[in-house]
Amino acid sequence: MIRIAAVGDLHYGAGSTEILRPSLEHLHDRADVLLLAGDLTRCGGPEEVKVLADELRGVRIPVVAVLGNHDYQSGQHEEVWKILCDAGIIMLDGDACELHGIGFAGVKGFGGGFGQWALQPWGEATTKQFVHEAVDEAVELESALAKLRTPQRIVVLHYSPIRDTVVGEPPEIFAFLGSSRLEEPLNRYAVTAVFHGHAHHGTLEGHTTGGIPVYNVAVPLLYKAFPDRPPFRLVEIPVTPL
């Protein structure tokens with residue numbers, strides 16, 4: 001087994017202290033990899049992410065992360081990305097890596113809605129641009145998965161690929177919480193498990209139409225569901241030899 005700890009939507013700010021540090025000291029006893037599912041900062045400021053980077057330095061297990069929409073707010077996401085990389089975090093955006101014999105692929109994702117209610121590229125140029133952003137993220141995810149040759153593939157997203165894990169949020173904002181266009185490559189490549197954030201008041205678990213488990217690891221949801229536990233979702237993944 002490989003033990004995965006996952007969390008998203010930490011929303012670190014300049015005044016944030018000790019959000020993760022108390023739980024990180026002994027995390028290596030409980031997990032082999034830590035996944036961060038986006039919205040690592042409040043507004044995407046370098047001074048915000050430096051607080052998180054300082055807490056993550058010295059973590060004794062690999063850390064894999066994607067950015068979220070909040071991390072783009074200030075237009076400094078490239079600097080945020082670099083600070084995290086310099087802290088030893090494996091950042092994914094249409095990229096893939098292999099750890100402990102398991103493949104990891106990640107993108108931020110985007111909105112657009114789910115199933116028959118998904119927004120279509122019709123009408124104004126702005127609407128078409130919105131849809132094309134979701135399509136581009138799905139294409140990048142597919143490209144990342146295609147690079148992996150491992151029997152198991154884990155996907156890290158910020159936006160949800162399915163409707164089930166955003167249920168609990170107001171239905172009026174479902175279209176801004178994820179896109180079923182992200183689901184297609186998950187099923188095509190028979191992904192083992194998916195982790196995402198963004199839907200703070202959503203549902204902990206769901207499945208794609210292909211039966212792939214999807215975990216919503218937004219930290220407000222984890223605190224509500226598991227108030228007496230550290231702010232991580234722990235999932236064990238069996239490792240199949242090549």
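Strands are DSSP runs of type E with at least two residues, while helices are runs of H or I with at least four, and both are numbered from the N terminus. Two strands count as paired if DSSP finds at least two bridges between them. The model described here is predicted, so to speak of its local features a pLDDT of at least 70 is needed, side-chain atom pairs count only at pLDDT 80 or more, and totals for chains, interfaces and linings use all residues. Residues are numbered from 1 along each chain as its sequence is written, and side-chain values use heavy atoms, with hydrogens and water left out.

Strand E9 (residues 205–207) runs antiparallel to E10 and is joined to it by three bridges; Glu205 has Tyr215 as its bridge partner. Strand E10 (residues 213–216) also runs parallel to strand E8 (residues 193–196), again with three bridges, and here His196 stands opposite Asn216.

Elsewhere, five strands make an open sheet of mixed pairing, in the order E4-E3-E2-E1-E11. Its edge strands, E4 (90–91) and E11 (233–237), each pair on one side only. Five antiparallel bridges link E1 (residues 2–7) with E11, and Ala6 is partnered by Arg233.

His11 lies in the loop between E1 and helix H1 (21–24). This residue is buried, with a relative accessible area of 15% (buried means under 20%, exposed over 50%, partly exposed in between, using a 1.4 Å probe and protein chains only).
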